[in-house]
Structure formats: structure tokens, C-alpha cells
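Colleague: I would like to go through this structure with you, from the overall build to a few details.

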Amino acid sequence: MALASFQYQRIPAEAEPLRADVRSFLATALKDRSALRRADSWMGADPAFSRELGQRGWLGMTLPRQYGGHDAGPWARYVVIEELLAAGAPVSAHWIADRQSGPLILRYGTEAQRQKYLPGICKGEVYFCIGMSEPNSGSDLASIRSRAVRDEAADDGSWRLSGQKVWTTNAHHAHHMIALVRTGPSTSDKAARHEGMSQFIIDLKAPGVTVRPIRDLAGGEHFNEVYLDNVRLDADALIGTEGQGWEQVTAELAFERSGPERFLSSIALLHTLIDSVAAQPDALQANAVGRLSARLVVLRQMSLSVTAELADGGHPAWAASCLKDLGAAFEQEIPELAQQVLDVAPTVDGGSDHAQVLAALMQMAPSFSLRGGTREILRGIIARGLGLR
């Protein structure tokens, strides 16, 4: 039954005309953006660019008009994000808010939360990050220890939250974090490990919140540690139902693991590789480019099929995990193959566009199989989907 998740899917014809508009805009907006900067697309934050997308109606596209959205279908949004990523646009500032925080708040949030947060997301002015992973937990979310408890000193239903999150992408740029924390009693019962969790919206400027960037091998500071020291949360900071956080976050992760960003992180290097071998590649180069291109087509088709399932109201956690696992492997193999078929020394200090992009992605690629869930976690989900555990 799980294999039925991958059905052939094409973007509907009515969504395709938007592609020309997006390409025309990007040709002008990114004309001075170097190949090296394009390699950092969905990790590159540019608030002005995000606001421009919001003004054009290309953020929060699927959200209702009453909240600033455009009631667009998922395919229109897919066309926009595919073009943004393929061109190497700087989408990081708004990315998580547009991809999953907005839909999560729409689905599980209160009307007050929708009115408060969704219009700013659609304008490209309100940014979110995700508080899931923790020290000594990693991708095993069932082992998180951050905890929110009712504030006994208050009678307004508020909470007090303490704990720590780590590998929190873009927390240093974000205004808010949606965090998964414990609100119920801890348990050693393996069957109940996913119970007693809830999700909260946290103001990252609130007293008791400390954000510390983690510098990576490439010199970037995309990941962060977030310390939560007795942070006061209003009663309306809770998203959805207390104790139902695991169900909510599972639905959220399907959005995180199913989009084109899960196989386009290294696309800038494929572009420079093709440009470098030009019109007369040797047999090894032609074979490498052909293999990579064929895999890219397959991964895109998998992504389209998962998007269709999400659009129909499904919960394709198994299929999204397959795409994320295979996509990360593809993204990591592009730098390896590029080194094998073209004798270019990687360098970020001068050199050709290809040499610079190669150097950058060689350093970033190890993280591709960590963010959004490690291979071990993903393959556990896949095994359950196949009935093997």
C-alpha cells in the first residue's frame, strides 16, 4: 500500500503560465548575484527580497485571502519555489514560515493566532524557525526534554518553559519559533514516548530566550542553539491541543521533507559543471551529467507525487521520508562526481565560478543528510511504512 504513494503526476496546465512571470522577475532581480551566492539559495537570507516576493503575492500563496494569502492551489506555489531554488534566489528569511509554519497555524491554530501571524508571513515580514532537535536527542524527537508547565503563580493560563534546542536553522533571523516540548509527565514506556508533547509559538525576543549561532565548516552561521530559561508564554502561545504535539509535528514534517529543496541544494554546482564541460564533454563527463540529470527528473517526479498527496489531505510521512533520504544522497553526490570528472581545484578565494561553487558545496554537503532528519530516523519511518518494524 505504501508504494501507492508514488503515482505519476504532472503540474496542471493552469499553473504553468506563472513560471514565465517568475523567471522574468528573477532574471532582473538576480542578474548581479554571483554563482557562489546562488549556491546558498535556501540558506541565504535577504529580507528585502522576501518582502518583494510578498508584494508580488508569491508568499503564503495557498493561505486564505482573509489572512493575506491568495487561495492559490499547491501547484502554483510549487512552480514558484521550484523557480526560486533553481535560480539560486535568497529565500531563507521567509522559507520556514511560508513552507510550514503558516500552514501549521492555519490548520491547528486559533483564529487569534491566524489573525496575528499569517498576514505578516504573506507579506514576507514575519519569519519563523522550528524548535525540534535538542542536545542528546538529535532527530529522535521522542526523547526531547524541554518542558512547559503551567505558571502556578498566575491565574491567566500562562506557561513557563525551560530547555534547549539545537541545530535550529535561522533562529538568529527569525522573529518566532514553533517549538515541540513536553507538557505531560515523562515516561519510560516505549509505546508512550510520543505522548505528552505540545507545540508553542515563542517570541525569540522574550526574556529568557538566548540564541547563539553555530559556525559551520564553510564559515556560515545558519544553525543555532536556543536556550530557554523560565520563559513565560501566554495561554494563547499553545498551538492546537495540549498533548497532541506529536501528531501535529508529524504532519508538519511532511511539508518539510517533500519539496524541491530536498534535491536542489546542489543545483548551482550542476549548472556550473554543465557550463564548464560546455558543448564537447568527454565520455566520463557526459555520463556523469546524464546520470545526475536522470536522477533529478526522478526526484522531481517523486516530489510532485507527494505534493499531490498532501494537496488531497493525505499524510504521506513515508513517501516524504523516501524523497528526503534519496534527495540528500543526490545532493551530496554532485560535489563528489564533479571532482571526479573535471580537474578543477576547489577554492572560494578567486578562481572560476565552478571552483568557488564546488568548494562551498563540498563544505556544506555533509549537513544535507542531517537537516530535516538523519538517514537513520528517515529509514526507520520508511521501514514502518513498509511494515518491517
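Predicted model: local features only at pLDDT ≥ 70, side-chain atom pairs only at ≥ 80, totals over all residues.

The questions below go from the whole chain to helix pairs and then to cysteines.

Colleague: What box do the C-alpha atoms of the chain fill, and what percentage of the residues count as buried?
Modeller: Taken along the principal axes, the box is roughly 75 × 45 × 45 Å. A residue counts as buried under 20% relative accessible area. Of the 389 residues, the buried part is 54%.

Colleague: Are H9 and H10 roughly parallel or roughly antiparallel to each other?
Modeller: Helix H9 spans residues 283–311 and helix H10 spans residues 317–341. Their axes come within 10 Å and cross at roughly 165°. Angles over 145 degrees count as roughly antiparallel. H9 and H10 are therefore roughly antiparallel.

Colleague: Which residues make up the contact of H9 with H10: how many nonpolar, polar and charged?
Modeller: The crossing of H9 and H10 is left-handed. The residues of that contact divide into three charged, four polar and 17 nonpolar.

Colleague: Are H1 and H4 roughly parallel or roughly antiparallel?
Modeller: The axes of helix H1 (residues 17–29) and helix H4 (residues 74–87) come within 9 Å, crossing at roughly 30°. Angles under 35 degrees count as roughly parallel, and that makes H1 and H4 roughly parallel.

Colleague: Is the crossing of H1 and H4 left-handed or right-handed?
Modeller: Two packed helices are described by the angle and the distance between their axes. For the handedness, H1 passes H4 in a crossing that is right-handed.

Colleague: How many disulfides does a search of the whole structure find?
Modeller: A disulfide needs two cysteine sulfur atoms within 2.5 Å. For Cys122, the nearest cysteine sulfur is that of Cys129, 19 Å away. Cys129 is likewise in no disulfide. The number of disulfides found is zero.

Colleague: Are Cys122 and Cys129 buried or exposed?
Modeller: Cys122 has a relative accessible area of 2%, and Cys129 is at 0%. Buried means under 20%, so Cys122 is buried and Cys129 also counts as buried.

Definitions and conventions:
Residues numbered from 1 in each chain as written. Heavy atoms only, no water. Axes fitted to C-alpha atoms, helices over the stretch in contact; angles between N-to-C directions. Helix = DSSP H or I, 4+ residues; strand = E, 2+ residues; numbered from the N terminus. Parallel < 35°, antiparallel > 145°, perpendicular 65-115°, else oblique. Left-handed = near helix turned anticlockwise from the far one by under 90°. Nonpolar A, V, L, I, M, F, W, Y, C, P; charged D, E, K, R; others polar. Buried < 20%, exposed > 50% of the residue type's maximum accessible area, 1.4 Å probe, protein only.
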